[in-house]
Amino acid sequence: MVEQFITINEAANLEGINYKTLQKRIERGSDYKTKREISMSGGKDRVLVSIKSLSSKAKRVYKAKAVQNEDIDDTPWYVYADYNWYKTKYPEYFFKGVELSKYINEYLNFIPNKKEGKTK
């Protein structure tokens, strides 16, 4: 498995410490495995920290965020479903959905008249 690296800022957030604190720990030669990435636009090199060298708590938080990001990318089944196929295959559900959408549109378009206490 390829070893993954993240920026010092991300690692500090996962560890629950300040950026400067983590930077000082790395400079003192702690157990964090680092890698330098050359900046293409010039300036200082970016320092990346190995995920394997983080604490167990930080690793769990990283894995939880990775799983959470995977769940967000899932698209619902009906996005790619053919409209006419669904209409012919499930007409009762289709027309029920159309009727419910009318009620929702009426509700969203309902704006009370505050001066007279009447609705438009």
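I began with Lys33, which at 43% relative accessibility counts as partly exposed. The model I am reading is predicted.

**Entry: the partner of Lys33**

I looked up the charged partner of Lys33 and found a salt bridge with Glu3, with 2.9 Å between the closest N and O atoms. Lys33 sits in the loop between α2 (19-27) and β2 (34-37), whereas Glu3 belongs to the segment before β1 (5-7), so the pair ties together parts that are 30 residues apart in sequence. I then checked Glu3, and its relative accessible area of 26% makes this residue partly exposed too.

**Entry: other salt bridges**

I next asked how many salt bridges the whole structure holds. The search returned two. Besides the Lys33 pair, I recorded one between Glu37 and Arg46, where the closest N and O atoms are 3.9 Å apart. I noted that this value falls within the 4 Å cut-off for a salt bridge. Glu37 has a relative accessible area of 35% and is partly exposed; Arg46, at 43%, is partly exposed as well.

**Entry: the nonpolar core**

I turned to the largest nonpolar core and counted 13 residues in it. Leu22, Val49 and Leu54 have the most contacts inside this core. I traced at least two of its residues to each of α1 (8-15), α2 and β3 (46-50). With four residues, α1 gives the most.

**Entry: the surroundings of Leu54**

Which residues does Leu54 contact, leaving aside its neighbours within four places in sequence? I listed Ile6, Ala11, Leu14, Glu15, Tyr32, Val49 and Lys59. Among them, Val49 is also named with Leu54 for having the most contacts inside the core.

Definitions and conventions
Residues are numbered from 1 along each chain as its sequence is written. This is a predicted model: local features need pLDDT of at least 70, side-chain atom pairs count only at pLDDT 80 or more; totals for chains, interfaces and linings use all residues. Side-chain values use heavy atoms; hydrogens and water are left out. A salt bridge is a side-chain nitrogen of Lys or Arg within 4 Å of a carboxyl oxygen of Asp or Glu. Buried means under 20% relative accessible area, exposed over 50%, partly exposed in between (1.4 Å probe, protein chains only). A nonpolar core is a set of buried Ala, Val, Leu, Ile, Met, Phe, Trp, Tyr and Cys residues joined through side-chain atoms within 4.5 Å. Contact means heavy atoms within 4.5 Å.
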